[in-house]
Amino acid sequence: MFPLIFALSVAALTATRVNAHGYVQEVVIGDTHYTGYLPYQDPYYPVPPERIIRPIPGNGPVTDLSLIDVQCNGYTDGGVIGSKPAPLFAPVAAGQEIKLNWTTWPDSHVGPMITYLARAPTDITQWMPGNAAVWFKVAESGKTADGKWAATDLLSAADSIYTFTIPPEAQGWTIHHSARDLLRSIALHGAFEYPGAQDYPSCIQIEVSGSGNALPTDGLVSFPGAYTEDTPGIVFDVYDDPSLPYPIPGPAVWTGGN
Ligand SMILES: *[C@@H]1O[C@H](CO)[C@@H](O)[C@H](O)[C@H]1NC(C)=O
């Protein structure tokens, strides 16, 4: 299975387009720290370090939601094909927390954080989901009743650490403890018009262990596909009225009941 994180960050950008900026620099599972894919360092090593996060071109966003780039923040052209696999994956137990350490998030980039998983049908270090509907939402955080956004407010308050939990029901997505999982992390921000919302996806490869066997059979979505210009929460003016609730895009969070 592939856990996928969507951090959707909607910032009200005025005429000045802030070109900015963030990615997951570290993943912490239990006591283990995994360095993320570092787009300004990793490609320049003679032998690039092996990572659990799929390569990204830089710290910038994806705004065209129809591109494959919206899957894992890979280039459509220019060397990194969307969702190009990473060589490693991290073991995690069903029910365990995963902490994502984001680079410092720009204050202006308010918006939600959304997490999806997908189960890899084959070796996750080879698999490219393409347009297949394989993703299901496992966590989301938008705007609190008192107007605090998942990003930047809550993220900053947590030292740029975003935490989510692998659903306990998602145990043993293969019976040999060998479910290969890809975690996708997308932050989307900037969205009073389309294209405007900025999507910062990050695909993290994990392997979920456990002895259960639940998996959603319907409501799976594709990336690209799940979000369009018309999806509630994609176009949203954060400056409009701070008391206005924010509709988090995408399907309901999967709770294990299918
Ligand atoms: C996040 O990762 C950076 C880079 O590895 C590190 O310096 C920083 O201490 C980490 N933040 C936390 C809260 O662990």
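1. The nonpolar core. In this predicted model, the largest nonpolar core comprises 33 residues. Val 27, Ile 98, Leu 100, Trp 102, Phe 164 and Ile 206 are the members with the most contacts inside it. Seen by element, at least two residues of this core come from each of β3 (24-29), β5 (90-93), β6 (97-102), β7 (113-119), β8 (135-141), β9 (161-165) and β12 (203-209). There is also a second, separate core, which has 19 residues; Val 62, Val 70, Val 134 and Val 221 are among them.

2. Overall architecture. The protein chain contains 2 helices and 12 strands. Read from the N terminus, the order of the elements is β-β-β-β-α-β-β-β-β-α-β-β-β-β. The chain has 258 residues, of which 53% count as buried.

3. The cavity. The structure has 1 cavity of 30 Å³ or more. The volume of the largest cavity is about 50 Å³. Its lining is formed by Gly 22, Tyr 23, Val 24, Ile 53, Ile 56, Asn 73, Trp 102, Tyr 200, Pro 201 and Ser 202. Sorted by class, these lining residues are 7 nonpolar and 3 polar, with no charged residues.

4. The largest pocket holds about 160 Å³ of space. It is lined by 13 residues, and those closest to its centre are Tyr 37, Pro 48, Pro 49, Pro 55 and Pro 87. The lining of this pocket divides into 9 nonpolar and 4 charged residues, with no polar ones. The lining of the largest cavity, by contrast, has no charged residues.

5. The ligand surroundings. Gln 25, Glu 26, Asn 101, Asp 159 and Ile 161 surround the ligand. Two of these residues can be described through their side chains. For Glu 26, a polar side-chain atom is placed 3.3 Å from an oxygen atom of the ligand. For Asn 101, the corresponding distance from a polar side-chain atom to a ligand oxygen atom is 2.3 Å.

6. Asp 159 and Ser 160. Asp 159, one of the residues around the ligand, is located in the loop between α2 (153-157) and β9. Ser 160 is found in that loop between α2 and β9 as well. Most residues other than glycine have a negative phi. Asp 159, however, is not a glycine and has a positive phi of about 60 degrees, and Ser 160, also not a glycine, has a positive phi of about 65 degrees. The two residues part ways in accessibility. Asp 159 counts as exposed because its relative accessibility is 66%, and the cut-off for exposed is over 50%. Ser 160 counts as buried because its relative accessibility is 12%, and buried means under 20%.

7. Arg 51. This residue sits in the loop between β4 (32-35) and α1 (69-72). Is Arg 51 buried or exposed? With a relative accessibility of 13%, Arg 51 counts as buried, since the limit for buried is under 20%. Its side chain reaches the backbone oxygen of Gly 36 at 3.2 Å. The side chain of Arg 51 is also joined to that of Asp 42 by a polar contact of 2.7 Å.

8. The cis peptide bond. Most peptide bonds are trans. The bond from Phe 223 to Pro 224, in contrast, is cis, with omega near 5 degrees. Pro 224 belongs to the segment after β12.

9. Gly 130 is in the loop between β7 and β8, and its 24% relative accessibility makes it partly exposed. Gly 130 and Ser 222 are 92 residues apart along the chain, and their C-alpha atoms are separated by 8.2 Å. Ile 248 lies in the segment after β12 and is partly exposed, with a relative accessible area of 22%. Between the C-alpha atoms of Ile 248 and Ser 141 the separation is 7.7 Å, while these two residues are 107 residues apart along the chain.

Key. Residues numbered from 1 in each chain as written. Predicted model: local features only at pLDDT ≥ 70, side-chain atom pairs only at ≥ 80, totals over all residues. Heavy atoms only, no water. 1 Å grid on protein atoms, 1.4 Å probe; cavity = no way out; pocket = protein on both sides within 12 Å on 5 of 7 lines; lining within 4 Å. Points joined across faces, edges and corners; volume = space filled by probe spheres on them. Nonpolar A, V, L, I, M, F, W, Y, C, P; charged D, E, K, R; others polar. Core = buried A, V, L, I, M, F, W, Y, C linked by side-chain atoms within 4.5 Å. Buried < 20%, exposed > 50% of the residue type's maximum accessible area, 1.4 Å probe, protein only. Helix = DSSP H or I, 4+ residues; strand = E, 2+ residues; numbered from the N terminus. Near = heavy atom within 4 Å. Polar contact = N/O pair within 3.5 Å; in protein donor to acceptor, adjacent residues only side chain to side chain.
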